[in-house]
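This briefing covers a single model, taken topic by topic. Please view the sequence and the structure together before reading on.

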Amino acid sequence: MSQTGKELAVQEYIELLKKYRLWILMSIIGMAIAFGCVRYMTYKPMFTAQTSLLVTSNTIELEEGEIKNGTTSSDYNVSNNVLMTFSEVIDSQTLQNEVKEELSIEDLGEITVSNNGGSVIRINVNHSDATLAALIANTTAKEFTKMIQSMMSDINLQVLDPAMMPQDMTGMGLLKVVMIGAIVGLVVVVGIILVREVLDTTLKLPKDIEREIEIPLLGAIPDVEPELKAYMKGNRG
């Protein structure tokens, strides 16, 4: 069995990591600092504002003389195709140009639309300015409602929750980035140590010789040089 292909026991792994604990600690700290510095220098604060719209359908046919009071559950049966169309309309350049013209700005940030399968659609706006994020979301909802009502007479849109100015920034925080850097540093240095150990073909311990030649070791000559130096130093004193 070759030394290159040896398998380290769990205890040997532990002892090996203890031996290089300073390297491991330095790598963890170094990577954490590096990741944190890069994130700090490149991070652009972003704010997310959200407004939600309730979609109802006016497709109920009333009998002669019947009066419809309020909204029934049937009014919420809006097909998925219609909801998907709404997403395309909000993403359209025509609607976004209307919002830009209304607000007299060019940067609308990132506008996304979400729907969880019900009759509520949510308009999310990511922008570097918290005030503009809320303003863009509400204006998009207003212009979208006007556009849909002119296109689909059987659809009603109602604002459930207008967008409020977000207080907290979104995105990965500095602490998470530092933790990721520390984990990367740990993985990298441990990998290097293990690869280096596996590729090292030198025989360091008596048990390594036994494993290599597959013959029991009868004895070993101890290293007496440290004791000899200490003894000679004591005699000179």
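Predicted model: local features only at pLDDT ≥ 70, side-chain atom pairs only at ≥ 80, totals over all residues.

Does leucine 174 count as buried, exposed or partly exposed? Leucine 174 has a relative accessibility of 43% and therefore counts as partly exposed, since that class lies between under 20% for buried and over 50% for exposed.

**Annotated spans**
- An unreviewed UniProt entry assigns the feature "transmembrane region" to residues 20-38 and 174-195.
- Residues 20-38 are 95% helix and 0% strand, with 27 Å between the end C-alpha atoms.
- Residues 174-195 are 100% helix and 0% strand, and their end C-alpha atoms are 32 Å apart.

**Nonpolar surface patch**
- Val38, Tyr40, Met41 and Leu174 make a nonpolar surface patch of about 490 Å².
- Helix α2 (residues 21-42) supplies the largest share of this patch, with 3 residues.
- Leucine 174 belongs to helix α6 (residues 174-199).

**Aromatic pair**
- The count of aromatic pairs comes to 1.
- The ring centres of tyrosine 20 and tryptophan 23 are 5.1 Å apart and the ring planes stand at 55 degrees, so the pair is tilted.

Terms used
Residues numbered from 1 in each chain as written. Heavy atoms only, no water. Phe/Tyr/Trp six-rings, centres within 6.5 Å; stacked < 30°, edge-to-face > 60°. UniProt positions renumbered as here; feature names shortened; annotations may be inferred. Helix = DSSP H or I, 4+ residues; strand = E, 2+ residues; numbered from the N terminus. Patch = residues over 30% accessible without salt bridge, like charges linked within 9 Å, V, L, I, M, F, W, Y side chains within 5 Å. Areas by Shrake-Rupley, 256 points an atom, 1.4 Å probe, with all protein chains shown as cover. Salt bridge = Lys/Arg side-chain N within 4 Å of Asp/Glu carboxyl O. Buried < 20%, exposed > 50% of the residue type's maximum accessible area, 1.4 Å probe, protein only.
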